[in-house]
Every structure is written in structure tokens, then in C-alpha cells.
Amino acid sequence: MKLTIIGTGYVGLVTGTCFAEVGHQVICVDNDAAKVALLQSGGLPIYEPGLEELVNRNVAAGRLHFTASTADGVTNSDIIFIAVPTPQLPDGSVDLSFIERVAREIAGAMTSYKIIVDKSTVPVRTGEKVAETIKRYCKTKVECDVVSNPEFLREGFAVTDLMKPDRIVVGVRSQRPVAAMKEVYAPFAAPIVVTDIHSAELIKHASNSFLALKISYINAVSVICEATGANVQEVAAGMGMDERIGRRFLNPSLGFGGSCFPKDLSAFVQIAGQLGYDFGLLKEVQKINAEQMNRFLKKITDTLWVLRDKKIGVLGLAFKQNTDDVRMSPAIELCQRLQKEGATLRVHDPKAMDKARPLLPDATYVEDMNEVADGCDALVIATEWEEFRQLDLERTRKALSHPIIFDGRNLFDPEEMERLGFIYKSIGR
Ligand code: UDX
């Protein structure tokens, strides 16, 4: 099939590439000419495991193309996916101006029937607005169908999530585009859930809010664990064996971040409010998340007392493992708050250092994770990168001027750390 994806961010680029991988002809459009030039020359604007190989293979096979022209994409495809940013506005609602502009651009370029698919995360009823906009701005008055097809990919695992999805959600306003949408996704061999368009939009916000709720739930339980001497890892393991609950997304942390959960929660709370429902449950999820960071910082100040003139090593800057994305990263917030208290930082992240530099210009960036602790008063673990588990602990203990580790991701065993001579403070244990 001939498909166009507008927007080559984490969602658009991975989606387009995976579509090409299963045999579709794909055009990826971006209005950032520099990004398009980079992609055309074989470079990638983001780090995502497995993506580079997939892009190269599909470009070489002639199935994947990049262009800065929306009109090219619209003319040469039957189905147009919109995957542009939907950032948060200061009041917590969603900025839909990119979606609206793309809808106008598509309308301006349409000369035959098209299926327009919204992949960006949007508030319920956005699809309706997109359809109205296209109708209004389409000079040739050709028909189209607007579909909601939310993405559920996790950064860092995006290729796997896309190639082996749990389900595909297709929200429609009529049955006309259903067969084509099923054909797009047939190679992925996943259950396809066809709903009305409002329900599809809500499935996305409701799912992400529920996952965030699960994290805040275990983070709240971690507070009780600390107060009683229980171990949150054991509690999570015991809870997770109940199939109705499940173990995933019960990892306590210094809070969730990223470009999705915080934004989607705020948006869902806002939409609910506009519809006359005070979604207090989700407001509490946000509050627990903010408190979790405060509590982690308090752990640091309770131990180190005054932070002014203290040198602290920080492992992890990305908002989670396997990504270079630092948007709404708890690790970055933590670093900024430590700096505000007067601490100087030595930081390391396997992939996110370049993207972190503008946010933390005064930190010292260390290439080797084993050298981060050198001369520091304490070491903080802020992102759950798997390789941090291989840290040379013997060297780290000697390198620190005091053997103190604050682990915001529970990567190590507290008893083992104590045996190795560390003062080791983690979450809920
Ligand atoms: C999320 C959703 O998982 C995905 O389905 C959606 O479509 C986009 O948003 P993403 O933001 O890429 O994906 O990452 P995710 O793996 O969900 O993690 C989000 C945040 O929660 C990270 O900061 C992560 O470290 C944190 N987290 C996750 C926890 O603190 N504990 C957990 O158990 C899981």
C-alpha cells in the first residue's frame, strides 16, 4: 500500500519505517528541512534501538522515502498518517495547532479520495475537528475519511512494540475506511479493535493515564514500605503474580516522566473538567508523582545535609532507559534541583548527553560511567539503564569521597551494597 507519515519524530519515524519493513511504500514528511536532509543522507535525528538498521534496509530497498513536501506525500499515497507533536499548553491542555496546520495542508493538496489517520495523541473529539477542517479547506471538494489510530509504543522499545503490537485500535466515523486500515495492519498479525472515533481517542488517554496510575500506586506503596521496613520489590512481585494486576509498570522510581505520561495525564484531567467531571483520581496520581521526586531529594539532603559545595555524580539523564530523550526527564529535574541547592554535578548517560547539555550546561559530562563517582560526595542513579548494573562497584566505592549511593531506580540489592561497604538508599526498601 502507499502510505505517507507526516512528522518524523519518535512516533512518525518508527511507524513509517516499520510500515516499510512489512512491505508498504512509505513517504515520511517533515517540515524541518534540515531533519529531512539528515535522513536523506543516512543519518538519524533520534536514538532508538534497532531503528538505524531498519531505516537503512528499507531505504536501500526503495520502500522508504523522505521529503519536506506535504503535497508530495499527499499526492503519492492513499492513506496519510498524522504524527506531529501535540505539546502541552501552560494550562495543561493540548496545543493542537500543528494538527490543525497539517489538516489544512493535506486539504490543500488533495485531488482524490484519501484516508487521513490521526496517530498523534489528541483529546477526544479532535478527529471531528480534523474532518471539518479538511472539508472546509479542500478546494477540489473530494471526499476523505478521518480515522483515529493511536500509537502505544514505548520509546526505547518502539521497534519491538510496533512490530509486535498487543492490539491495533482503529476509530472510525463510517465503515468505509475499515477494510483499508485492516490491510495496512494485516502483516503485524495483531488483534484489530474497530471502534467509533471518540472511543479510539479515549482509549489512548485512558490507557496512558492508567499506566501512570499504576506507577504512582506502587510509588505510594513504597512510602508505606519504607515506614514499616517492608520491601516494595517483594510487594510488587507478589501483587504482580495476580493476572488481574500484572507485574509490569509496578517498578517504583523517583517518578515517571517523558513526553507522554505527564502531558497525557494533564490533558485527560483538562478534558474531563471541560466535560464537567473532576478527575480527582488522576490529580492524585500527578501529586504522588511530584511528591516522589521531593521525597527522593529529601533523602539526599537528609544524608548530605547542606548541598552547597558538594560534588554529586549522576548516572542517567534520559527519562528512561534505551533512549536519548530528555523531555520531562525526572533525571534532568533532579539535576536542576541539586544544582539549585548549590551542588556541582558530574553526569553520565549512555545516549542522552548531547540532548542534556543545553538543559544542564554547567554539569561536567563524563564519558565512562565508572569515572562519574570520582571525587564525589555521593552517587545518584536516576535512569534505569541496564548497563548501570555492571558498574564497577569496587572502583566506585574507592572513587567516592564518602561511599554513599542514592538509587532512584532500585538497580542493586541493598544487602549486597551494604556488604560492599556502601551507605545505599533506594526506593521502598
Ligand atoms: C508511554 C506508553 O507506555 C506508551 O504506550 C505510549 O504510547 C507513550 O507513552 P514512554 O513514555 O515511551 O511510553 O515510556 P514508558 O516506558 O511508558 O515510561 C514512562 C515513564 O514511566 C518513564 O519515566 C519510566 O521510567 C517510568 N516508569 C515506567 C516507572 O517509573 N515505573 C514503571 O514501572 C514503568
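**Domains and ligand**

Modeller: The protein is divided into domain 1 (2-190) and domain 2 (211-425), with bounds from an automatic or database domain assignment. The model is predicted, so local features need pLDDT of at least 70 and side-chain atom pairs pLDDT 80 or more, while totals for chains, interfaces and linings use all residues. Residues are numbered from 1 along each chain as its sequence is written, and side-chain values use heavy atoms, without hydrogens and water.

Colleague: What area is buried between domain 1 and domain 2?

Modeller: The centres of domain 1 and domain 2, over C-alpha atoms, are 33 Å apart. In contact (heavy atoms within 4.5 Å) are 20 residues of domain 1 and 21 residues of domain 2. Carbon and sulfur atoms give 51% of the buried area (accessible area, 1.4 Å probe, lost on putting two parts together, summed over both), which is about 1600 Å².

Colleague: Which residues come nearest to the ligand?

Modeller: Domain 1 and domain 2 each supply at least three residues to the shell around the ligand. Around the ligand are 20 residues (a heavy atom within 4 Å), and those that come nearest are F152, E155, S253, K320 and R409.

Colleague: How far is a backbone N or O atom of F152 from an oxygen atom of the ligand?

Modeller: Polar contacts are pairs of N or O atoms within 3.5 Å. An oxygen atom of the ligand lies 3.0 Å from a polar backbone atom of G257, and for F319 the corresponding distance is 2.9 Å. For F152, the distance is 2.8 Å.

Terms used: Polar contact = N/O pair within 3.5 Å; in protein donor to acceptor, adjacent residues only side chain to side chain.
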